[in-house]
Amino acid sequence: MPRSLWLLIIGMVVNVTGSSFLWPLNAIYIHDHLGKSLTTAGIVLMLNSAASVAGNLAGGSLFDRLGGYKTILLGIGIALLALLGLTFWNDFTPYVIFLTISGFGAGIIFPAMYAMSGAVWKEGGRRAFNAIYVAQNLGVAIGAALGGLVADFSFQLIFVANLFMYIVFMAIAFFGYKNITDREGAQTSILQENPSAGMNKKLKALLILCIGYLLCWVGYVQWQTTIASYTQEINITLTQYSLLWTVNGAMIVLGQPVLNGFLKRFGRSLKTQMVLGMLIFVVAFIVAANSGSFSGFMAGMIILTAGEMLIWPAVPTIASELAPRGREGFYQGIVNSTATGGRMIGPVLGGMLVDLYGMSMLFMILIVLFIVSIGTTVVYDRGIKGKKQPVRA
């Protein structure tokens with residue numbers, strides 16, 4: 001890999017490590033430390049996700065106009081100012097305001113990072129994006145592990161640690177990314193696409209597929225919100241809860257070669273891969289629903305991660321296969337918007353269900369949603385002629 005890509009990888013690790021100090025603990029802080037309901041916590045997290053959507057769309061457009069270097073620095077600057085405010089003012093109202101602004105700033109960064117990665121290693125193809133994906137999960141593993149330890153000592157230090165990591169990221173970007181060349185037009189905003197064009201069978205197939213993808217994200221995000229708060233009620237420590245996400249990130253980083261080898265030998269199609277992943281999600285939530293200790297939730301997280309590794313990479317791959325030439329950005333935009341939509345809806349829906357009916361009802365409804373997602377995945381390509389999409393190596 002070229003040196004420029006390594007700099008982007010290091011920056012991504014630092015960036016995600018910093019954000020991972022806080023994001024797994026947001027619901028816990030809002031519910032347990034600020035005394036708000038889980039529904040309120042879900043609404044706050046929804047605002048953060050909505051701001052991230054806006055940031056992603058703005059970041060893609062800014063990359064086309066300004067290039068990656070200026071776009072990344074702008075995103076870091078916005079996030080850095082918000083985190084500085086969050087460090088000194090973290091009562092409920094300023095917390096909501098600064099968390100939303102930081103979501104917008106962080107959202108600007110990611111499309112520019114991905115676009116620059118593709119530009120600096122054109123011949124690498126998907127390997128450049130896979131390297132950034134692994135870097136993200138390495139940051140999750142490190143940040144979540146350290147975040148739990150820091151939070152057990154003092155929650156205030158979580159904000160300080162997050163701010164410090166963004167300062168380091170700013171330094172890496174300012175000095176390391178200035179001379180990285182990127183091609184114009186590498187990133188396409190979904191807002192620049194004509195939504196009426198290409199409304200054909202392949203686009204309809206993608207939309208059907210994304211219904212199930214949305215439902216999977218609605219369920220998955222509960223581990224960061226309602227389940228996070230529930231673990232505190234049954235006396236699982238913040239360190240132990242953060243360890244769940246450390247294991248999640250470590251499994252993704254270390255398990256990719258094993259998974260790829262398994263899929264090469266036994267994988268039949270991306271559809272089969274996704275259905276298997278959704279069935280694994282069902283098992284993970286059944287295990288969590290019947291767990292009352294840390295070991296049970298650790299088992300659930302390990303199972304959940306196995307399902308995630310099968311589902312999350314498959315959807316953008318299918319979108320890439322379905323997309324007509326010149327429409328790749330539009331199709332990938334649909335996929336990214338769907339994932340963020342699930343992260344927006346999930347906390348609010350989960351919080352309302354728990355507040356009104358309790359955790360048992362939440363688990364039951366989520367399992368039903370996964371079953372629905374299996375159905376949409378099975379039928380999404382029935383109107384498409386031709387061969388099925390191959391499993392990604």
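This tour moves through a few selections in turn and says what can be found at each of them. The structure on screen is a predicted model, and the residue numbers used below count from 1 along the chain as its sequence is written.

**First stop: helices α2 and α9**

Begin by selecting residues 26-33, which form helix α2, together with residues 226-233, which form helix α9; these two helices pack at an angle of about 55 degrees, and their axes are 8 Å apart. That angle makes α2 oblique to α9, and the crossing in which α2 passes α9 is right-handed. To see where the two helices touch, show the side chains of I28, H31 and D32 in α2, which meet A228, S229, Q232 and E233 in α9. The residues of this contact divide into two nonpolar, three polar and two charged.

**Second stop: T226**

Stay with helix α9 and select T226, which lies in that helix. Is T226 buried or exposed? T226 has a relative accessible area of 2%, and because buried means under 20%, T226 counts as buried. Once its neighbours within four places in sequence are left aside, the residues in contact with T226 are L38, G350, G351, V354, M359 and L362, so a selection of these residues together with T226 will show what surrounds this position in the terms of the contact cut-off, heavy atoms within 4.5 Å.

Y166 and F169 both lie in helix α7, three residues apart, which is about one turn of the helix. Y166 is buried, and F169 is buried as well.

**Last stop: a cluster of rings**

Finish by selecting Y213, W217, Y220, W223, Y230, W245, F281, F285, F297, W312, F363 and F370, which ring pairs link into a cluster. One of these residues, Y230, falls within the residue range 226-233 of helix α9, where the tour began.

Notes
Predicted model: local features only at pLDDT ≥ 70, side-chain atom pairs only at ≥ 80, totals over all residues. Heavy atoms only, no water. Axes fitted to C-alpha atoms, helices over the stretch in contact; angles between N-to-C directions. Helix = DSSP H or I, 4+ residues; strand = E, 2+ residues; numbered from the N terminus. Parallel < 35°, antiparallel > 145°, perpendicular 65-115°, else oblique. Left-handed = near helix turned anticlockwise from the far one by under 90°. Nonpolar A, V, L, I, M, F, W, Y, C, P; charged D, E, K, R; others polar. Buried < 20%, exposed > 50% of the residue type's maximum accessible area, 1.4 Å probe, protein only. Phe/Tyr/Trp six-rings, centres within 6.5 Å; stacked < 30°, edge-to-face > 60°.
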